[in-house]
Amino acid sequence: LTSLVDQSLIRAEDGDDEPRFAMLETIRSFAEELLDEAGEADAVRDAHLAACVDLVERAAPNLQGDDQRRWLDRLERDHDNIRAAIAWAIRRPAPAEAVRIAHAAWRFWQQRGYLAEARRILDGVAVGAGELSPRERARLAEAFGGVAYWQADLPVAARWYDEALAVWRGEARTGGDLARRELANALYNRAYVMVAEHFLGTPATPAADAGSQEMLREALEIYRDLGDRAGEGNALWGLGGALMFAREPAVAEPLFRDAVELHRSAGHRTMEAWSLHMLATAILMQDRPEEARGPSAHALRHFHGASDVAGITLALDTLAVIAVAAGDRARGGRLWGAARELQRAS
């Protein structure tokens with residue numbers, strides 16, 4: 001490596017724990033041609049794929065905790081590697097490895113504003129996903145449903161989440177605590193699509209409202225039985241959202257307060273921030289804008305600390321409404337405009 005750097009064939013860059021090395025595009029393309037001619041390309045690309053699967057799966061559990069910024073930045077630096085690895089997995093084909101990357105990386109794509117690209121990738125993974133186990137199929141469904149949800153493509157999100165829920169409902173009968181935890185997560189995901197449909201103006205029925213709350217209460221019961229505090233916080237957050245969009249913000253408010261404390265104690269900074277954001281929204285819906293400012297600004301600090309584009313966008317929306325309620329229309333306009341630009345760009 002030192003010799004190649006000295007000859008300017010590769011360049012050395014600073015990394016977190018060790019140096020990183022990169023090639024100019026023209027040299028990389030030439031080297032790839034030589035690799036293909038040598039007949040070693042498949043073996044090298046398989047090794048690269050395995051390394052990228054390992055990276056994203058090590059990163060995934062850390063994308064919500066105190067160390068989330070470091071891991072999100074690490075995935076950002078390796079994003080071209082991740083892109084190349086999943087493209088090779090689709091082309092190989094290696095559907096199980098493609099699903100493992102997509103399932104581990106979709107939160108990164110969502111938080112850093114790569115939703116349109118993630119959707120294109122997942123379309124490719126889904127087309128070539130014939131030989132998958134039920135659990136692998138469920139994990140693909142969770143990733144696809146999550147990206148579609150954040151794009152507000154709720155019919156597609158619902159269809160994929162239904163598939164994941166069906167798999168984990170069956171697996172939970174014999175699969176132990178892991179399958180039960182996945183079932184609770186699938187219930188939470190599917191229920192929150194119903195909540196979002198209500199929020200986005202889809203005509204809601206009493207049956208739909210009751211169905212989402214029933215799913216969330218079932219998830220809450222499973223998480224409590226498993227002693228999963230972060231999961232319990234998720235379910236309370238979701239139930240609070242269901243109640244709020246059923247126009248019961250006063251009932252939702254204490255659920256969000258409990259969710260904040262549960263996520264804080266579990267070290268889940270992302271969901272602590274979302275719980276603070278929803279708490280601020282519930283308070284705002286009760287015409288207490290000044291009281292809503294504190295939790296909304298606190299949420300924004302967490303989102304900014306992780307460079308979470310989706311969170312920053314929605315926190316700016318709430319702060320814009322608070323500014324207008326306080327009579328500062330110019331500030332409200334600047335905040336709202338900033339949010340729309342982030343939404344457009346991501």
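**Entry 1: the second largest cavity**

I began with the second largest cavity, where H9 and helix H10 (176-199) each supply at least two residues of the lining. I am working on a predicted model, in which local features need pLDDT of at least 70, side-chain atom pairs count only at pLDDT 80 or more, and totals for chains, interfaces and linings use all residues. Residues are numbered from 1 along each chain as its sequence is written, and side-chain values use heavy atoms, with hydrogens and water left out.

I noted what the element names stand for: helices (H or I, at least four residues) and strands (E, at least two) are DSSP runs, numbered from the N terminus. A cavity is a set of points, on a 1 Å grid over the protein atoms alone, where a 1.4 Å probe fits but cannot get out, and lining residues have an atom within 4 Å of a point. Rolling a probe the size of a water molecule over the atoms shows where empty space is left.

The volume of the second largest cavity is about 30 Å³; a volume is the space filled by probe spheres set on the grid points, which are joined across faces, edges and corners. I listed its lining as Glu 142, Tyr 161, Ala 164, Trp 168, Asn 185, Ala 186 and Asn 189. By class, this lining has four nonpolar, two polar and one charged residues. Here Ala, Val, Leu, Ile, Met, Phe, Trp, Tyr, Cys and Pro count as nonpolar, Asp, Glu, Lys and Arg as charged, and the others, Gly among them, as polar.

**Entry 2: the largest cavity**

How many cavities of 30 Å³ or more does the structure hold? I found two. The largest cavity has about 50 Å³ of space. Its lining is made by Ala 89, Ile 90, Pro 93, Ala 94, Pro 95, Ala 98, Gly 124, Val 125 and Gly 128. Two or more of these lining residues come from each of H5, helix H6 (95-111) and helix H7 (115-127). I sorted the lining into seven nonpolar, two polar and no charged residues.

Pro 93, one of the lining residues, lies in the loop between H5 and H6. I checked its peptide bond with Arg 92, which is cis, with omega about -10 degrees.

**Entry 3: the second largest pocket**

I then turned to a pocket, which is an open set of points with protein on both sides within 12 Å along at least five of seven lines. The second largest pocket holds about 1400 Å³ of space. I read off 37 lining residues, of which Phe 21, His 48, Asp 78, Asp 80 and Asn 81 lie nearest the centre. At least two lining residues each come from strand E2 (20-22), helix H2 (25-37), helix H3 (41-59), helix H4 (68-77) and helix H5 (79-91). Which element gives the most to this lining? H3 does, with eight residues. By class, I have 17 nonpolar, three polar and 17 charged residues for the lining.

**Entry 4: helix pairs**

I looked up H8 (residues 134-150) and H9 (residues 154-171), which pack at an angle of about 150 degrees with their axes 8 Å apart. Axes are lines fitted to C-alpha atoms, for helices over the stretch in contact, and angles run from 0 to 180 degrees between N-to-C directions. H8 and H9 are therefore roughly antiparallel to each other. Angles under 35 degrees count as roughly parallel, over 145 as roughly antiparallel, 65 to 115 as roughly perpendicular and the rest as oblique. The H8 and H9 crossing is left-handed, meaning that the near helix is turned anticlockwise from the far one by less than a right angle. The contact of H8 with H9 has 15 nonpolar, two polar and six charged residues.

For H15 (residues 289-306) and H16, I noted an angle of about 155 degrees and axes 9 Å apart. That makes H15 roughly antiparallel to H16. Their crossing is left-handed. Contact means heavy atoms within 4.5 Å. On the H15 side the contact includes Leu 300 and Phe 303, and on the H16 side Leu 316 and Ile 322. I counted this contact by class as eleven nonpolar, four polar and one charged.

H16 (residues 309-325) also packs with H17 (residues 329-345), at about 160 degrees and with axes 8 Å apart. This crossing, too, I recorded as left-handed. Among the residues that meet are Val 309 and Asp 317 in H16, and Trp 336 and Arg 340 in H17. By class, the contact has twelve nonpolar, three polar and four charged residues.
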